[in-house]
Amino acid sequence: AVAASAMSCCPKGSWDVPLDPSENPSRLYGTLVTLGSKDTPCYYTCGSTTDSATPPSPSKSGIIVFPDVWGMIPRTKSICDTFAQCGRHQVLMFDPFRGETKADHEDDTAGWLASVPYRPNVETDIEACLEYLVDAKGVDRDKIGVHGFCWGAWAIAKASSSGLRFKAAVWAHPSTGIERRAFGGDEEAMIHNMAISLPVLVMPGSNDDARFKNDGEFSEVIRSRGGKVVDFPDMIHGWTTRGDTSIPEVRRDTEKALGLALDYFNERL
């Protein structure tokens, strides 16, 4: 479904409620784990697509996936599986919303998002993910990338501007305006204060913030730090995780975006 009005996280005219469950992948390869002192719910996948008793040795590279405001839906889990299988990365997605979604808070989405601040909530979840990948799964701390959808881009920007380091980042249809709309913070300062060493691939849709599109103010910051911007003018916000892939153009650009993300991580991790 397409949103009819502006939201505190997604722009007007975006893909909104995830598609009918019949559109979900037929099989998922990961496992659910609960991590850290705050019982962070996560989905972990390492690339094994067989039931063999001797699966391939896991990679030393890892990707932490930051979801959109619909949490750990099956389609996003399937994307994690794709990153693990095709890139041979260990992938971990966490649920900052603890099972809730935007659908539970349509009357006050901004208030709901504000109830999940970076500190202490999101930062604690990220630290639990890092500890799990490095200490429990043997991932090299210097080979961890991050992928954010919508809300996830804000969380990554906030983490980087607050001192957490990652090797590379990818943002699909970013909603960094959450910093301003939900928290009353300085979005521009957050973007400018991100680590200079963090290259970011940004993939905005047609109705995403123009500052992230090529020739926009934020895109110049991204490129100056080794990042890249790829515009998707035929898509609307949310297409990779919530778009109707029975529409040929949506399937085409979903596959393109995921392919670009995978290539970006493979080159840098």
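Reader: How much space lies in the largest cavity?

Author: About 60 Å³ of space lies in the largest cavity. The model is predicted, so that local features require pLDDT of at least 70 and side-chain atom pairs count only at pLDDT 80 or more, while totals for chains, interfaces and linings use all residues. Residues are numbered from 1 along each chain as its sequence is written, and side-chain values use heavy atoms, with hydrogens and water left out.

A cavity is a set of points, on a 1 Å grid over the protein atoms alone, where a 1.4 Å probe fits but cannot get out; a pocket is an open set with protein on both sides within 12 Å along at least five of seven lines, and lining residues have an atom within 4 Å of a point. Points are joined across faces, edges and corners, and a volume is the space filled by probe spheres set on them.

The structure holds one cavity of 30 Å³ or more. Its lining consists of Ile191, Met194, Ala195, Leu198, Pro199, Val200, Val221, Ile222 and Arg225. By class, this lining has eight nonpolar residues, no polar ones and one charged; Ala, Val, Leu, Ile, Met, Phe, Trp, Tyr, Cys and Pro count as nonpolar, Asp, Glu, Lys and Arg as charged, and the others, Gly among them, as polar.

The second largest pocket contains about 150 Å³ of space. Among the residues that line this pocket are Lys38, Phe97, Trp112, Pro120, Asn121 and Asp125. Five nonpolar, three polar and four charged residues make up the lining. Helix H3 (residues 118–136) supplies the largest share, four residues; helices (H or I, at least four residues) and strands (E, at least two) are DSSP runs, numbered from the N terminus.

Pro120, one of the pocket residues, is placed in helix H3. The peptide bond from Arg119 to Pro120 is cis, with omega near 5°.

Helix H3 also packs against helix H4 (residues 151–161), at an angle of about 95° and with the axes 11 Å apart. H3 is therefore roughly perpendicular to H4. Axes are lines fitted to C-alpha atoms, for helices over the stretch in contact, and angles run from 0 to 180 degrees between N-to-C directions; under 35 degrees counts as roughly parallel, over 145 as roughly antiparallel, 65 to 115 as roughly perpendicular and the rest as oblique. In this packing, Tyr118, Val122 and Ile126 of H3 meet Trp151, Trp154, Ala155, Lys158 and Ala159 of H4, where contact means heavy atoms within 4.5 Å. The contact of H3 with H4 comprises seven nonpolar residues, no polar ones and one charged.
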